[in-house]
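Hello! Have a look at the picture first, and then we can go through it together.

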Amino acid sequence: MKSNPPLVPLGTLLGRELRTEKAEKPTIKYGQAALAKKGEDYFLIKPDCQRIPSNPSTPFSVFAIFDGHNGISAAIFAKENLLNNVLSAIPQGIGREEWLQALPRALVAGFVKTDIEFQQKGETSGTTVTFVVIDGWTVTVASVGDSRCILDTQGGVVSLLTIDHRLEDNAEERERVTASGGEVGRLNVFGGNEVGPLRCWPGGLCLSRSIGDTDVGEFIVPIPHVKQVKLSNAGGRLIIASDGIWDALSSDMAAQSCRGLPAEIAAKLVVKEALRSRGLKDDTTCLVVDIIPFDQPILPPTPRKKQNLLSSFIFGKRFQTSVNKAMKLSAVGVVEELFEEGSAMLTERNENLLEVEMENEEEMWRADMYTSQLGKNCPLNSNSGLLRCAICQADQTPSDGLSVNSGPYFSPASKPWEGPFLCTNCRKKKDAMEGKRAIRPTVTA
Ligand SMILES: [Zn+2]
C-alpha cells in the first residue's frame, strides 16, 4: 500500500521541533561535599560553559576532581589550566556532533599539554584528574589516577566510567611501567619485610598515571582513559569522588546511599557514609551531578528491576565512523557507549589525535569524518599551511624542517612514528613516556 503522508501544518511541525529540542536538553543539578585531611583535594564546577563563546544556546558543563599528592601545586595547576587546554585542541567552528566527536582526542591532548606545562615549572607534586564534560545527554569522562566517576542510571544499574590507574589493581599498567623502565614493588621496611600497596620506583608512587610527578619518571603518564556515553532521556546520576570515598565504599554502595535524594543532599550523604565505614583517613571529596529530563525536578528514585540486556540495543549506533573503532553498545541498560579508549601509548591514540591534525588535511577530514553526516560543506579551520602540533597546538611553518613523518630527523635510531605532527617538545615527551631516550635534534634550522 502506497500513499503520500498527510500534510502537517507548519505550526505543528515547529511545535514538535521545539518539544524535541527541549527534550534534548536535560537539566543539570549538582551538589558537592568534602572533608579535608591533608587538604590536597580540589574540584572544579563549571555548569555554564559554551561551545561557541557568547552563544548561550551551545551550553555544556564541566565537573572535575583533582586529588593532589606530594603537594598541591599540580592539582591547582590542572584545575586552572586543563579546561582551556582541552578546548584549545578542538577545531573552531564545528557543529555540536563534531564537537562531541572531537572531544575525546582533545581531552588526551589537553591532559598531555597540561602535564608538559606543569613540568616546565619544575615542581614535583602530582595529581589525579577526573574530568567530566556533559553536553545534553552525552557524558565524556577523562581520567588519570584513582578518582572515580560512576554512573547510576534508571533501573538501578551502576557502571564505572573510569579505570583505576593503581599499580596494585592494574596488571596492564604494571607491565607498561616495567617495560618503560620503572620498577614496581612494595615498600621495604627494615628486616626486609614488604609493606603497603605496589608502588613504582623511583618515587614510590602508587598510581601509574597522573598529571605532574616530574621527579618520578616519565612512565607515570598523563594520558587519560576516556569514555563517552549517551544517556537515554530518562537521565542519570554521576558520582565523582576522590579515593577517600572509594576506599570506603563500592560503586553500588555509594549509589545506593543517596538514591532518590536531591544532588546537594546526596553528595553530603555519600561523604557521611564513607566516614561512617572508614573514618577520616584521607581527603574525601564528592560531586554528585544529576542529568534530569527538563520537566522533572529531581531524578526519580529507581526501583531495582531485572536488567534487560537487550534494552541496550534499542539505540542505534550514531557515531559510527572510522574514529570510533572502540565503540560498542553497553550492556548496562539504556546507555549508549560512544567511545572508550584507555591505552597509555600516544601511538595507539594516534587515531584520536590524528583528527586534530586533519585541520591541515581538508580532504581526508571530509572523507573520513563527515561525508556521511554533513556532506562536503563542513566548516573547517584551516590555518594557511601551518603545521599545528596535535598536543600543544603551537603552529610551526613546514619550512622549519619539521614534518609529520620526518623520521630520520626526529628518530635516527628508531622507527619513525607515523602519527600526526608533533612539535619537537611534545615529541620528546611522547618518546620519554614510552621509555625511549629523549631525542636530540641533529640538525638545527
Ligand atoms: Zn607541541
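A residue is called buried if 20 or more other C-beta atoms lie within 10 Å of its own, exposed if 12 or fewer, and partly exposed in between, with C-beta atoms placed from the backbone. Helices (H or I, at least four residues) and strands (E, at least two) are DSSP runs, numbered from the N terminus. The model is predicted: local features need pLDDT of at least 70 and side-chain atom pairs count only at pLDDT 80 or more, while totals for chains, interfaces and linings use all residues. Residues are numbered from 1 along each chain as its sequence is written.

Q: Which residues of helix 4 are called buried?
A: In helix 4 (residues 171-179), Glu173, Arg176 and Val177 are the buried ones. By the definition, each therefore has 20 or more other C-beta atoms within 10 Å of its own.

Q: Why do we say that the buried residues of helix 4 line one face?
A: Looking down the axis of helix 4, its buried residues fall within an arc of 95 degrees, so they line one face of the helix. That arc is taken from the directions from the helix axis to the C-beta atoms. The face turned away from this buried side carries the exposed residues Ala171, Glu175 and Ala179.

Q: What covers the buried residues of helix 4?
A: The cover includes strand 9 (183-189) and strand 10 (193-201). Just after helix 4, glycine 181 takes a positive phi of about 105 degrees.

Q: What makes strand 6 largely enclosed?
A: In strand 6 (residues 138-144), 7 of the 7 residues are buried, so the strand is largely enclosed by the rest of the structure. Both faces are covered: Thr138, Thr140, Ala142 and Val144 are buried on one side, and Val139, Val141 and Ser143 on the other.

Q: How many bridges link strand 5 and strand 6?
A: Two strands pair if DSSP finds at least two bridges between them. Strand 5 (residues 129-135) and strand 6 have 7 bridges and are antiparallel, so by that definition they count as paired. Valine 129 stands opposite valine 144 in strand 6. The two strands form a hairpin with 2 residues between them, and glycine 136 in the turn has a positive phi of about 60 degrees.

Q: How many bridges join strand 6 to strand 12?
A: There are 6 bridges, and the strands run antiparallel. Threonine 140 stands opposite glutamine 228 in strand 12.

Q: What makes strand 15 largely enclosed?
A: Of the 7 residues of strand 15 (residues 335-341), 6 are buried, so it is largely enclosed by the rest of the structure. Strand 12 (residues 225-231) joins strand 15 through 6 bridges, in the antiparallel sense. Lysine 227 has glutamate 340 in strand 15 as its bridge partner.

Q: In the open sheet, what is the order of the 5 strands?
A: The order is 1-14-13-7-8, with antiparallel pairing. Why are strand 1 (27-35) and strand 8 (157-160) called edge strands? Each pairs on one side only.

Q: Which residues have the most contacts inside the largest nonpolar core?
A: A nonpolar core is a set of buried Ala, Val, Leu, Ile, Met, Phe, Trp, Tyr and Cys residues joined through C-beta atoms within 7 Å. The largest one has 98 residues, and those with the most contacts inside it are Val132, Ile239, Val270, Cys286, Leu287 and Val288. Its largest share, 10 residues, comes from helix 3 (residues 96-120).

Technical notes
Two residues are in contact if their C-beta atoms, placed from the backbone, lie within 7 Å.
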